[in-house]
Amino acid sequence: MEISMPPPQIYVEKTLAIIKPDIVDKEEEIQDIILRSGFTIVQRRKLHLSPEQCSNFYVEQYGKMFFPNLTAYMSSGPLVAMILARYKAISYWLELLGPNNSLVAKETHPDSLRAIYGTDDLRNALHGSNDFAAAEREIRFMFPEVIVEPIPIGQAAKDYLNLHIMPTLLEGLTELCKQKPADPLIWLADWLLKNNPNKPKLCHHPIVEEPY
């Protein structure tokens, strides 16, 4: 009996890294460590979050004793968010970071980034996603327009197309037939841009981008 194998998928794991407000002046040397550790910096943003946005980002920590201090710390100044990619990016970045508490890191993992750049259990210098689900959520939070892999294939891809793509495309093609423009491809491209139901919505508290 012949066994059919699925086609190979090229997938490079991604994680979110944050250089926290108190060490943004160390960004250049931290990026150098990141690149020398085999990561690719896929995207990078320097931004200043409001306390409300920090609360939304750290929603899983809500209700804990340190939560108010955490949101105050993370909104105290600009931070740098990066999407990092490499084989086993999530686990390897966490390994580079070391323990969450910088005081513990200095004792047990003195060469880790939090031991080198962190101050204490709150001001621990850098953030990394804990697992794939967290990475996906956090990347979407900081980079709303980024497509997070793995991209669906097979039936999942068909379901996605039928639900999110085909209704808008059929509406555009119907309108194209009615309008009969001189250049149908350009007209359809413009129409899809204007009528894209998935384009990001403006929020009431926009994230403030800092200059490079």
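Predicted model: local features only at pLDDT ≥ 70, side-chain atom pairs only at ≥ 80, totals over all residues.
A residue counts as partly exposed when its relative accessible area falls between the buried range, under 20%, and the exposed range, over 50%. Lys88, with a relative accessible area of 46%, is therefore partly exposed.

**Lysines with positive phi**

- Lys88 sits in the loop that runs between strand β3 (79-85) and helix α4 (89-97), and although Lys88 is not a glycine, its phi is positive, at about 50 degrees.
- Lys180 is likewise a residue other than glycine with a positive phi, near 50 degrees, and its place is the loop between α8 (154-179) and α9 (184-194).
- Because its relative accessibility is 65%, Lys180 counts as exposed, the threshold for that class being over 50%.

- Ser50 belongs to the loop linking β2 (40-48) with α2 (51-57), and its relative accessibility of 24% is why Ser50 counts as partly exposed.

**Arg44 in strand β2**

- Arg44 is part of strand β2, and with a relative accessibility of 17% it counts as buried, since that class covers values under 20%.
- The side chain of Arg44 makes a polar contact, at 2.9 Å, with the side chain of Glu27.
- Computed along the sequence, Arg44 and Phe143 are 99 residues apart, while their C-alpha atoms are 9.0 Å apart in space.

**Glu138 in helix α7**

- Glu138 is located in helix α7, which spans residues 132-142.
- Glu138 is buried and yet has no salt bridge, the nearest side chain of opposite charge being that of Arg137, 4.0 Å away.
- When neighbours within four places in sequence are left aside, the residues in contact with Glu138 are Leu16, Phe57, His127 and Ser129.

Note on methods. Residues numbered from 1 in each chain as written. Heavy atoms only, no water. Helix = DSSP H or I, 4+ residues; strand = E, 2+ residues; numbered from the N terminus. Buried < 20%, exposed > 50% of the residue type's maximum accessible area, 1.4 Å probe, protein only. Polar contact = N/O pair within 3.5 Å; in protein donor to acceptor, adjacent residues only side chain to side chain. Lys, Arg positive; Asp, Glu negative; His and termini not counted. Contact = heavy atoms within 4.5 Å.
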